[in-house]
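I had this one open today and kept notes as I clicked through. Here they are, in the order I looked things up.

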Amino acid sequence: MKKKITIIIGGGIAAYKSLELIRHLQSENFEVIPVLTKSASNFITSLSISAISKNKVYTDLFDLNDESEMGHIQLSRISELIIVAPATANLIAKFANGIADDLATTLILATDKKVLLAPSMNVRMWNHFATKENIKKLKNYGFQFVGPNSGEMACGEFGLGRMAEPLEIKNKVMNTFKISNLSNKKILVTSGATRERIDPVRYISNDSSGLQGTSIANALLRKGAKVTFITGPSNIEKPVGAKIINVETAREMYDAVFKNGPYNIAICAAAVSDWYVENKNSYKIKKKSSNPPQISLRENPDILSELSKSKNRPELVVGFAAETDELIKNAEKKLTKKGCDIIVANKIDKKSTVFGNAENKVSIISNKKTIHWPKISKVEIGNKLSDLIENLTN
Ligand SMILES: Cc1cc2nc3c(=O)[nH]c(=O)nc-3n(C[C@H](O)[C@H](O)[C@H](O)COP(=O)(O)O)c2cc1C
């Protein structure tokens, strides 16, 4: 049976290009299910789309026949992928805000499938802060994008906003379906902060939210990896589809890491406490008029270092470094000392509140080279890192 792709055609001048896109997708043996917005029907007719796609064109959320034949929920799940081309500024704004006031937007809100957007609009609409915010949101939600490109527009202006060419969109679709070499690889992701108890109500910890580790795990899951996700306490929604192991202390994390291995790849993103409280109290320490209690610290086992030097060493070990001073120099030192393959380094200072923030600016350090990535969302860092790992492993 042919794989199905749903294409939502928005009300933009580039709507005519969707016909060529449908032909390209058919030539790759996909069945195309077209959905046309009300505005789009001003630019292109259902008749031509139906003739080219050889399928029924869905237009109305409240069409009794459509709803009894294939309801909007069913329509949102039937395909392997949903493409929106052209993705107009209006559709992008609605998707970013969870609006569901017609078939196209309801379908997107209800889907659990990958969504690929091909934006197309006037350069000023594209550069508007509202559109920029919406795009940022959608990237964080995991929507994928192709284009827009720069060039002359139908409105006579020049700049970024031209829809990607149908062939370019088809190539992006084919990449989406490519079986990743990370598929079925067993990958460890440690995430979040650990807690070291002082007494039943107090602990030593750090500000790590777990967002970065979760984003990495989600990106790897999208590539078909088998992810073991070992996390300290965190309020971030856990990656669906991963084997989840909740721990509290660094020593619990250490035990969980070695009990659940071996792994093909390990990504140690957790902010693990260096020390634990040796003289932990089993009752709540009372405030006395005498001196404050003395806390005696002892070093925790080093998960990254031991994993890198273990007999069953993963093919690739990635560690994280958060440094307040001499970021690159200290991260390079950490790479050598721990024996891992890559360090993802991020600077902690008064201005850059890395922990708990949705964005970060990191450098990727290996023995061969150092790459500096711009400030991007942690979700994008997860995507870029999983692409990098995919390219580095067999
Ligand atoms: C001639 C014409 C061309 C248009 N082209 C675009 C376009 O390329 N991109 C866009 O975002 N909006 C464009 N618009 C505005 C959209 O049609 C309008 O925002 C509409 O509400 C979008 O509907 P949709 O949500 O079904 O896409 C155009 C409008 C007209 C009249």
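This is a predicted model: local features need pLDDT of at least 70, side-chain atom pairs count only at pLDDT 80 or more; totals for chains, interfaces and linings use all residues.

**Entry 1: a loop residue.** I started with T45, which sits in the loop between strand 2 and helix 2 (46-53).

**Entry 2: the whole chain.** I stepped back for the overall numbers. The chain has 394 residues, and 40% of them are buried. I noted 14 helices and 21 strands for the secondary structure. The C-alpha trace spans about 85 × 45 × 45 Å along its principal axes. How is the chain divided into domains? The domain assignment gives me domain 1 (3-177) and domain 2 (186-392). Taken over C-alpha atoms, the centres of domain 1 and domain 2 are 38 Å apart.

Entry 3: Next I traced an open sheet of five strands, which reads 2-1-3-4-5 with parallel pairing. Strand 2 (30-36) and strand 5 (144-145) are the edges; each has a single partner strand, so one side of each has no neighbour in the sheet. Inside that order I looked at strand 1 (residues 3-9) and strand 3 (residues 81-87), which run parallel and are joined by four bridges. Across that pairing, I8 stands opposite V84 in strand 3.

Entry 4: I then found an open sheet of eight strands, in the order 12-11-8-13-16-17-19-20, and here the pairing is mixed. Its edge strands are strand 12 (243-246) and strand 20 (370-372), each pairing on one side only. From one strand to the next, I have the twist averaging 15°.

**Entry 5: strand 17.** Why call strand 17 largely enclosed by the rest of the structure? Because five of its six residues are buried. On one pairing, six bridges join strand 17 to strand 16 (residues 316-323), and these two run parallel. A321 has A345 in strand 17 as its bridge partner. I followed the chain from strand 16 through helix 13 (residues 327-338) to strand 17, and this β-α-β crossover is right-handed. Strand 17 also pairs with strand 19 (residues 362-366), through five bridges, and that pair runs antiparallel. For that pairing I wrote down two opposite positions: V344 faces I364 in strand 19, and N346 faces V362 in strand 19.

**Entry 6: the ligand shell.** Last stop was the ligand. Which residues come nearest to the ligand? Of the 16 residues around it, the answer is G10, G11, G12, T37 and T88. Helix 5 (residues 89-96) gives the most to the shell, with three residues. I sorted the shell by class and got eight nonpolar, eight polar and no charged residues.

Note on methods
Residues are numbered from 1 along each chain as its sequence is written. A residue is buried if 20 or more other C-beta atoms lie within 10 Å of its own, exposed if 12 or fewer, and partly exposed in between; C-beta atoms are placed from the backbone. Two strands pair if DSSP finds at least two bridges between them. A crossover is right-handed if, with the strands pointing away from the viewer, the path from the first strand over the helix to the second runs clockwise. A residue is near a molecule or strand if its C-beta atom, placed from the backbone, lies within 6 Å of it. Ala, Val, Leu, Ile, Met, Phe, Trp, Tyr, Cys and Pro count as nonpolar, Asp, Glu, Lys and Arg as charged, and the others, Gly among them, as polar. Domain bounds come from an automatic or database domain assignment. Axes are lines fitted to C-alpha atoms, for helices over the stretch in contact, and angles run from 0 to 180 degrees between N-to-C directions.
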